[in-house]
Amino acid sequence: MVSIDAKTKPTHVCCIGAGYVGGPTSAVMALKCPDIQFTVVDIDDTRIAAWNSDKLPVYEPGLDDIVCSRRGTNLHFSTDIDQAIIDADIIMIAVNTPPQQSGCSRLGMATDLRPVEECARRIARVSQHSNPIVVEKSTVPCRTGELIANILRDNSRPHVNFTVLSNPEFLSEGTAIQDLLYPDRVIIGGLSNCHHAENALKSIYAHWVPEERILTMDLWSAELTKLAANALLAQRISSINSISAVCEAVGADIASVAQGCGLDSRIGSQFLRASVGFGGSCFHKDILSLVWLCDSLGLHDVAEYWNQVLLMNESQMTRFVDNILQAFDGNIQGIRIAVLGFAYKAGTADTRNTPAAFVCQQLLNKGATLSIYDPKVPEHHIRELLKLECKEQSTSSRLSVCHSACMAAASSHAAVILTPWPEFITIDWSHIHTTMHHPARIFDGHNHLNRKKLVELGFHVSSIGVSSHSLQ
């Protein structure tokens, strides 16, 4: 059992940052800890207003119900950052930490820690609690905890003694609520002689997480674990995608190869599903940060190794586009292509680093006309992203955003699956075949659909890791 003095038991937690991490994390904590007050704060008043409305700024299955059940009781969303810091005995930093351009030839990208530094200075200036605990929730490079501790020490009020902990998040968009409710592990990292602070944070998780799943370690190991975990997951995706290229060349089937490998208990089946490539903010950002770290430490071979994971991902997306071009003899001028899915994965509206943006950019630049449908991504997000990505700015006449997959596919020459939404399995492909130009083509970027049935309906199907001549 977690041992903690009742007098110093956490009563109020402030979370700075109302984004993909801060909002859902605080909501689940409030659900499981009704005796503790949680206040999520942000400088973005529009975002806070959305958290206080019926239309939350973050889409996650199950999140709406949790927020509605706790909001106004022990879960609060506010722009009054200073008051929340004053009230809190635990302050979580969950602000965005994007990569920044290095301006030099070094591999990778450093993490922009300015938002974290600003939070630390504000906490130091405002906090009045005698022993406040500051928790890193943002993904940060190794030894950021030392930076935060130094800022707090140099700028704090007299008699205020801060303790810094690392508590990295391991959330997967689309399943974040389940990840929070049933975590594989909770990691808490601290410096020496901070057991009291560690126990205070553990006491929150102990409301619902088995004690054996709450791991404590040193601060630097906790920070590195987050980067390493995402790098290893991305590595598996790039590895199976590299094998998918071999499968296409020799006539093997990537699904069979992945199954044969995944049944080996030493390997396992997780993250062995070939696709057009991985997206999202975490994998790219964390690998870039890891590469930067390795290169700055003089571990150049290690930096090159992890950089290859990103290069393989880019290669997979490029190869996918090349397969589309090859099907039309290299000329897609005037070809209408239905793009089904734009989010980087199903279950989220997030488009950060989505492979769909890269694919659509390349197709538009080659002269194709695109009709795009995604059940969750707003039209203005799609248009804004493609306006940024495309070299040509005069693409609006060749880009339409539709309200259904059937509408997008009508009068198209090909359909491209870029997000594996479940609804794409159940739509009437027989009807869609009658509305498309023939030969009707499908390029399945996630091996999401039943290839054999589509071929029987008359489609020409191109899947990842399957020879183009199979079943045609």
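**Close-up views of a predicted model**

**View 1. The buried residues of helix 10 pack against helix 9 (219–250), with contact meaning heavy atoms within 4.5 Å.** Helices (H or I, at least four residues) and strands (E, at least two) are DSSP runs numbered from the N terminus. Helix 10 spans residues 254–262, and its buried residues are Ile254, Ala258 and Gly262; buried means under 20% relative accessible area and exposed over 50% (1.4 Å probe, protein chains only). These residues lie on the same side of helix 10 because they cover an arc of only 60° around the axis, taken from the directions from the helix axis to the C-beta atoms. Exposed Gln259 and Gly260 are on the face turned away from the buried side.

**View 2. Strand 15 (residues 441–444) has buried residues pointing both ways.** Arg441 and Phe443 point one way, Ile442 and Asp444 the other. Strand 15 pairs in the parallel sense with strand 14 (residues 414–417) over 4 bridges; pairing requires at least two DSSP bridges. Ile417 stands opposite Asp444. Strand 16 (residues 460–463) also runs parallel to strand 15, joined by 4 bridges, and here Arg441 stands opposite His460.

**Numbering and criteria.** Residues are numbered from 1 along each chain as its sequence is written; the model is predicted, so local features need pLDDT of at least 70, side-chain atom pairs count only at pLDDT 80 or more, and totals for chains, interfaces and linings use all residues. Side-chain values use heavy atoms, leaving out hydrogens and water.
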